Amino acid sequence: MEIAVFALFAFLAVISAIVVVSHRNPVYAVMSLVITLISLAVLFVLLGAPFIAAIQVLVYAGAILVLFLFVIMLLNVEEDAQRTRSGIFQKVTALISAALFTGILAGLFWRDTASQEVAPLTSQSISLESLAHRLFAAYLLPFEMIGLLLLAAVVAATVLAKPYSSRPRAEDP
């Protein structure tokens, strides 16, 4: 049963991730990204990491993607504005990037991993207390910087979404 659930959600994650990068409508792409993240949360539960799964759903699918969807709808992106002609440079760059990614992935699969031993997970290494200590001690500055970056992105999107005539001018008192 566990293998069937894994196969179903792994397939769903891959298909929805392909839709994210291939769909022209940004709203559908964001909604597909929500499906991808929820599928990944189920895979985290199968791996024995329910806390990471809950954070995946609450933070990424629940907050950041809603923010993306809000910004996309606030900016009122039209489908015609997105249609651009892709030149030969973009196609060649995409092919080179795909070949490079495939080569790196193949190298990772064929690398000798039998000689590398991974320390087993203990209850101390995956506890909420050790995670909180690392997050608020060693990674406090990056954690706060990401929050400020998200705040700046929301403010910038709101300012950019306003019509030009309603923006305050420098000479206005």
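Which helices each supply at least two residues of the lining of the largest pocket? I looked this up and found α3 (50-75), α6 (128-138) and α7 (140-161). Helices here are DSSP runs (H or I, at least four residues), numbered from the N terminus.

I noted the ground rules. This is a predicted model, where local features need pLDDT of at least 70, side-chain atom pairs count only at pLDDT 80 or more, and totals for chains, interfaces and linings use all residues. Residues are numbered from 1 along each chain, and side-chain values use heavy atoms, without hydrogens or water.

Next, the pocket. I read its volume as about 640 Å³. A pocket is an open set of points on a 1 Å grid where a 1.4 Å probe fits, with protein on both sides within 12 Å along at least five of seven lines; lining residues have an atom within 4 Å of a point. I found 20 lining residues, with I55, V59, Y60, L135 and F143 nearest the centre. Helix α3 gives the most, 9 residues. By type, the lining has 17 nonpolar, 2 polar and 1 charged.

Then I checked the surface. F51, I52, I55, L58, V59, Y60, L128 and L131 make a nonpolar patch of about 670 Å². Such a patch joins nonpolar side chains within 5 Å, from residues with over 30% relative accessible area and no salt bridge (a Lys or Arg side-chain nitrogen within 4 Å of an Asp or Glu carboxyl oxygen). Helix α3 supplies the largest share, 6 residues.

Last, I picked I52, in helix α3. I52 counts as partly exposed because its relative accessibility is 37%, between the limits of 20% and 50%.

Terms used:
Points joined across faces, edges and corners; volume = space filled by probe spheres on them. Nonpolar A, V, L, I, M, F, W, Y, C, P; charged D, E, K, R; others polar. Patch = residues over 30% accessible without salt bridge, like charges linked within 9 Å, V, L, I, M, F, W, Y side chains within 5 Å. Areas by Shrake-Rupley, 256 points an atom, 1.4 Å probe, with all protein chains shown as cover. Buried < 20%, exposed > 50% of the residue type's maximum accessible area, 1.4 Å probe, protein only.
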